[in-house]
Amino acid sequence: MSPLRSTAWYAGEDRNAYIHRAWMRRGLPDSAFEGRPQIVIANTASDLTPCNSHLDEVAEHVKRGVWEAGGVPHNLPVVSLGETQVRPTAMLWRNMAAMATEEMLRANPVDGVVLLGGCDKTIPALLMAAASVDLPAVVVPGGPMLTGTFRGAPLGCGTDVWRLSEEVRAGTLSERAFMESESSMIRSRGHCNTMGTASTMALLAEALGATVPGTAGIPAPDSRLLARAHDTGKLIVDMVAQDRRPSQIFTTGSFHNAIVALAAIGGSTNAVVHLLAIAGRLGVPLTLDDFDRIAAEVPLLVDLQPAGRYLMEDLYRAGGLAAVLREVADLLDPDAVTVTGKPLVGTLGEAQIWDHEVIRARDKALRPSAGIAVLYGNLAPKGAIIKPAAASPHLLRHRGRALVFDSIEDFHARIDAPDLDVDADTVLVLRGCGPRGYPGMPEVSNMPLPAKLLAQGVRDMVRVCDGRMSGTAYGTVVLHVAPEAAAGGPLDRVRTGDWITLDVEGRRIDVDVPQDELDARPPSPAMRAALAAPRRGWERLYVDTVMGADTGADQDFLVGASGDKVPRESH
Ligand code: FES
Ligand code: MG
């Protein structure tokens, strides 16, 4: 076994080793510095990330496992992002959180790392960091919250906020009842319990091979999560001994497995930008088209909100991710290994479906082909995505006139105007919401429908946007249009009244304007005026260097890995 990375800090009798050890002692025994793996717990616990606020308790159980296996655990609070709190969007700081975590892991005497995340951006950021520093790493997802109920019916986080608020706007639910539901929404610790981005990324972390098998999806208050945290602490010490690193685990085959899982669970569209960004850190050649290609033969097996009925607690009760993956085991890469060093497919043997309504057997699939459709056309030369399972079947092939909004403020100011020229066939277009434009590619693409159409009973319309949509949302929404309008994409030159054709089966999104005419149109001054123009700080760096959604919206200078080597001493 090669010497531990941390011995470069702690071994020896020179002045520097003295300093490194002396300041760290504080009750640690001498043996802590005598060749024992130094395990860091990259912990996104924060009171301002309510979905992750219980992770300090999870960290304590990781520590027990680390001690038991002979390692020395250290808690490292890292940048945390609370999806519901952070403005203008948590996505603006995903790459910063990843960069800060990567740098702190590299700078410190760390041999291995346990990644504690939960809320939407936290697991992606941690995986990006781990990929770029390439130290042995394993994820403990914080787990979903328990199912809340309101007036006798389950409440799905996020999804039911959208649904109930549209009921209020349609006049079918009172404001008072809406306010009453607020205190029932969040029943316990944990992240959103729908198949939103947090649940999706936790399950995909497991499908990628980044967790102790069977950990993702355990509800946050379930004591089995703490037991798995303990196991994870033991495992990371072993991973250090085996020198098992992200670059060996997260291969093309692992991403293949994650995409199969994404389709079978009916996961969030946000997984596309996150998986692309993680792959970019590893040099794995993943493209937008891989999502469409791999998912084409994967059936939708999980009936969870927002597209379906149940919630994460039900999924775990019904057999969890392993039961889902076992149904599609033949579609998985047989060689892709997990943090245990064994293939993912080898961990599925005992899995069973205990509730066939929540998890469907392959021959009773909810849809024969799930996944995310990747669209191209003169409106999206570099691609756009749509989640057909969350869309209305009658709108998957649609032609309608564009109604264009130049910013989210423009949208809010006009959408409910009684004289707005709009009907159920209109295609709502919102631009300036990409990574560079907003900035940060917020979840605004699932635009609320015009009040007057809601009142007429309209519940879905075709919408097109260069932003993202919440993983808890639904509707016929064309997302992540690339290039974004702020980067000169053709979305910038669409005008109200243009005909737009959506053809999901044909994988097309086009505006019916001759190409030379479209190219010759000037950019929209109203959109330009609304774009972000930060002068300093992270926002400035972000806008100057962020890449498009089609490659994962990472910063151009963060693609790839720096590794764990730090050549110089600090004193
Ligand atoms: Fe944190 Fe949904 S807001 S997971
Ligand atoms: Mg979300």
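Select Ala264 to begin, a residue placed in helix α11, where helices (H or I, at least four residues) and strands (E, at least two) are DSSP runs numbered from the N terminus. This is a predicted model, in which local features need pLDDT of at least 70 and side-chain atom pairs count only at pLDDT 80 or more, while totals for chains, interfaces and linings use all residues. Residues are numbered from 1 along each chain as its sequence is written, and chains are lettered from A and ligands numbered from 1 in the order in which they are written. The protein chain averages a pLDDT of 96, with 100% of the residues scoring at least 70; pLDDT is the predictor's confidence in each residue, from 0 to 100. The model scores ipTM 0.90 and pTM 0.97.

**Around Ala264**

Leaving aside residues up to four places away in sequence, Ala264 touches Val298, Pro299, Leu300, Leu301, Val302, Val324, Val328 and Ala370, a contact being two C-beta atoms, placed from the backbone, within 7 Å. If you draw a distance from Ala264 to Asp466, 202 residues apart along the chain, the C-alpha atoms are separated by 26 Å.

**Helix α15**

Next select residues 320–327, helix α15, where 8 of the 8 residues are buried, so the helix is largely enclosed by the rest of the structure. The buried residues, including Leu321, Val324 and Arg326, pack against α8 (197–208), α11 (252–265) and α14 (312–317).

**The parallel sheet**

Move to the open sheet of 4 strands, whose order is β2-β1-β3-β4 with parallel pairing; two strands pair if DSSP finds at least two bridges between them. Its edge strands, each pairing on one side only, are β2 (72–77) and β4 (137–141). From one strand to the next the twist averages 20 degrees, with axes fitted as lines to C-alpha atoms, for helices over the stretch in contact, and angles running from 0 to 180 degrees between N-to-C directions.

Select residues 38–43 for β1 and 112–117 for β3, which run parallel and are joined by 5 bridges; Ala42 has Leu115 of β3 as its bridge partner. Helix α5 (residues 122–133) packs on the sheet, touching β1, β3 and β4, and its direction makes about 165 degrees with that of β3. On the other pairing of β1, 6 bridges link this strand to β2 in the parallel sense, and Asn43 stands opposite Pro77 in β2. The chain passes from β1 through α3 to β2 in a right-handed β-α-β crossover, meaning that, with the strands pointing away from the viewer, the path from the first strand over the helix to the second runs clockwise. Helix α3 itself (residues 55–68) lies across β1, β2, β3 and β4 and runs at about 165 degrees to β1.

**The C-terminal span**

Finally select residues 357–553, which an unreviewed UniProt entry lists as "domain: Dihydroxy-acid/6-phosphogluconate dehydratase C-terminal". The end C-alpha atoms of this span lie 36 Å apart, and the span is 17% helix and 22% strand. Zoom to strand β7 (residues 373–377), largely enclosed by the rest of the structure because 4 of its 5 residues are buried. A hairpin through 2 residues joins β7 to β8, and 4 bridges hold β7 antiparallel to β8 (residues 380–386), with Val374 opposite Ile385.

Notes: UniProt positions renumbered as here; feature names shortened; annotations may be inferred. Buried ≥ 20, exposed ≤ 12 C-beta atoms within 10 Å, placed from the backbone.
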